[in-house]
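The following paragraphs lead the reader through one structure, from the meeting of its chains to the surroundings of single residues. Please keep the sequence and the model in view while reading.

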Amino acid sequence: MIKARNKSMKAFGESLANANEQLKIINQPDGLTRFEEKFKETGESQLISKEPEIFQINIGKMCNQVCKHCHVDAGPDRKEIMTKETMQYCINALAKTNIQTVDLTGGAPEMNPDFKWFVSEIKKLNRHIMVRSNLTILVSNGFEDYPKFLADNKIEIISSLPYYTASNTDRQRGEGVFEKSIKAMRILNEIGYGKEESGLIFNIVYNPIGAFLPPKQESLEKDYKRELWNKFGLVFNNLYTITNLPISRFLDYLIESGNYDNYMNKLISAFNPSAALNVMCKNTISIGWDGQLYDCDFNQMLELPLKNGSPRHIKDFDTEFLNNRVIVTGQHCFGCAAGAGSSCGGATA
Amino acid sequence: METYYKPEDLPKFDTMKEGSPELWEKFSDWYGAVFAEGALSEREKTLIALAVAHAVQCPYCIDAYTQASLEKGSNLEQMTEAVHVACAIRGGASLVHGVQMKNVHAKLTM
């Protein structure tokens with residue numbers, strides 16, 4: 001088992017904290033099938049976007065947790081936080097579009113000091129907001145009022161809980177995280193989250209705790225619902241299974257544990273054309289903490305910006321240039337196209 | 001170190017179709033059907049396979065069905081219990097033969 005971290009890879013000056021070092025490894029000429037070649041099995045020559053439907057905004061890399069698989073390399077030491085000025089650019093851009101869904105992520109998005117202001121401003125535009133909350137932040141000092149704030153604004157909450165037992169969850173997310181997550185879920189349930197009649201949506205994300213693909217979403221959701229109800233009396237709406245992509249800390253884990261080659265081969269052999277055609281970058285625009293635009297959160301972490309003349313910064317946002325754009329791909333994209341597919345909304349095929 | 005069991009041999013399993021493709025096809029179809037969701041879930045069937053893999057002590061099967069169990073959503077506690085079931089039956093199967101020993105012993109001794 002690899003050791004738990006208390007700081008990001010960046011804080012320790014590790015080479016894999018650098019996006020270029022990650023790209024050197026995953027895109028090395030190792031004889032493995034290239035994603036761009038394999039993608040042609042879909043019957044299409046390139047991955048092309050549709051009209052954006054989701055605005056996914058990473059409002060900072062700061063996090064109260066240091067999960068072993070984090071593709072953001074987030075942690076308490078990260079200082080990259082979206083400013084109010086950049087948030088305003090996001091709001092200006094959003095106001096010019098019909099994009100109905102805003103997906104706020106991080107780090108722990110709640111740790112951005114302007115989080116509440118940002119949410120309130122987006123609500124004025126009458127858009128649906130999802131927040132990727134790690135749960136433990138909701139029971140941390142200074143954040144106790146956040147569950148009610150989220151409920152008052154009808155925010156959909158999406159939270160990682162990689163398993164329904166403490167040992168498995170804590171191995172990935174840190175000692176004591178499961179217990180705090182259960183405490184936060186209890187608070188969320190008490191104010192109506194996860195209960196059908198409340199209209200307050202609470203979804204859970206499963207990530208494999210190691211070098212393997214996720215189980216079938218439907219059957220795992222049944223297991224989660226049964227176990228969380230029987231053991232803790234907790235409810236939630238949907239379970240999303242998400243595949244770990246070979247980048248950042250998960251890449252570090254794959255290399256350290258000697259699983260890298262097998263994992264890449266597994267992803268490639270599990271390539272599913274219908275999953276490849278339904279990847280989330282087709283209808284998502286990802287915005288970095290500094291306002292840079294990307295095809296997805298993973299490209300953002302690999303510092304692979306939009307290409308082919310698309311605008312690079314939220315200040316220059318223009319949907320006309322974003323529809324039907326060629327999406328930037330690489331070997332990491334096999335992660336979203338493997339098996340039943342993977343996206344921020346779970347399986348895609 | 002050279003070994004009879006090599007991890008890289010597992011993906012070569014389907015080379016067994018060479019020489020008898022019809023039998024391989026029948027085996028593959030049947031194998032796939034056995035593990036499909038039925039009265040038992042895929043997860044339960046995979047745990048049974050993991051237990052049997054230990055009973056027959058097949059390193060390929062242990063490797064494959066440990067991964068498969070994780071990919072069906074089982075945890076280490078469930079997988080360990082499955083292995084114990086296999087071991088209990090193996091151990092019990094030996095122990096119950098003690099009755100044969102007792103029978104022979106009873107016949108031969110006063």
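**From the interface to the interior**

The contact between the chains draws ten residues from chain A and eight residues from chain B; two residues are in contact if their C-beta atoms, placed from the backbone, lie within 7 Å. On the side of chain A that touches chain B, the largest share, three residues, belongs to helix α8 (residues 217-232) of chain A. Helices (H or I, at least four residues) and strands (E, at least two) are DSSP runs, numbered from the N terminus. Sorted by class, this side of chain A holds five nonpolar, four polar and one charged residues. Here Ala, Val, Leu, Ile, Met, Phe, Trp, Tyr, Cys and Pro count as nonpolar, Asp, Glu, Lys and Arg as charged, and the others, Gly among them, as polar.

The model is predicted: local features need pLDDT of at least 70 and side-chain atom pairs count only at pLDDT 80 or more, whereas totals for chains, interfaces and linings use all residues. Residues are numbered from 1 along each chain as its sequence is written, and chains are lettered from A and ligands numbered from 1 in the order in which they are written.

The next topic is the sheet of chain A. Eight strands form an open sheet in the order β6-β5-β4-β3-β2-β1-β7-β8 (chain A), with mixed pairing; two strands pair if DSSP finds at least two bridges between them. At the edges stand β6 (239-241) and β8 (293-294) of chain A, each with a single partner strand, so one side of each has no neighbour in the sheet. Helix α8(A), which also contributes to the contact with chain B, packs on the sheet and touches β5 (202-206) and β6 of chain A. The direction of α8(A) makes about 135° with that of β6(A); such angles run from 0 to 180 degrees between N-to-C directions, and axes are lines fitted to C-alpha atoms, for helices over the stretch in contact.

Within the sheet, strand β1 (residues 54-58) of chain A runs parallel to strand β2 (residues 101-105) of chain A, and five bridges join them. A residue is buried if 20 or more other C-beta atoms lie within 10 Å of its own, exposed if 12 or fewer, and partly exposed in between.

What lies in the interior? The largest nonpolar core has 99 residues, and Phe55(A), Ile129(A), Ile157(A) and Ala337(A) have the most contacts inside it. A nonpolar core is a set of buried Ala, Val, Leu, Ile, Met, Phe, Trp, Tyr and Cys residues joined through C-beta atoms within 7 Å. A second, separate core of seven residues includes Ala51(B), Tyr65(B), Ala68(B) and Ala82(B).

Among the helices, α6 (residues 166-173) and α7 (residues 177-190) of chain A have axes that come within 8 Å and cross at roughly 110°. Therefore α6(A) is roughly perpendicular to α7(A), a term for angles of 65 to 115 degrees, where under 35 is roughly parallel, over 145 roughly antiparallel and the rest oblique. Helix α9 (residues 248-256) of chain A is mostly covered, with seven of its nine residues buried. The cover over these buried residues includes α1 (19-26), α10 (260-269) and α12 of chain A.

Two loop residues complete the tour. Leu306(A) lies in the loop between α12 (297-301) and α13 of chain A and is buried, with 23 other C-beta atoms within 10 Å. Arg325(A) lies in the loop between α13 (319-322) and α14 (334-337) of chain A and counts as buried because 20 C-beta neighbours are inside 10 Å. The two are 19 residues apart along the chain, and their C-alpha atoms are separated by 8.7 Å. Among the residues that Leu306(A) touches are Tyr294(A) and Arg325(A).

Terms used:
Lists of a residue's contacts leave out its neighbours within four places in sequence.
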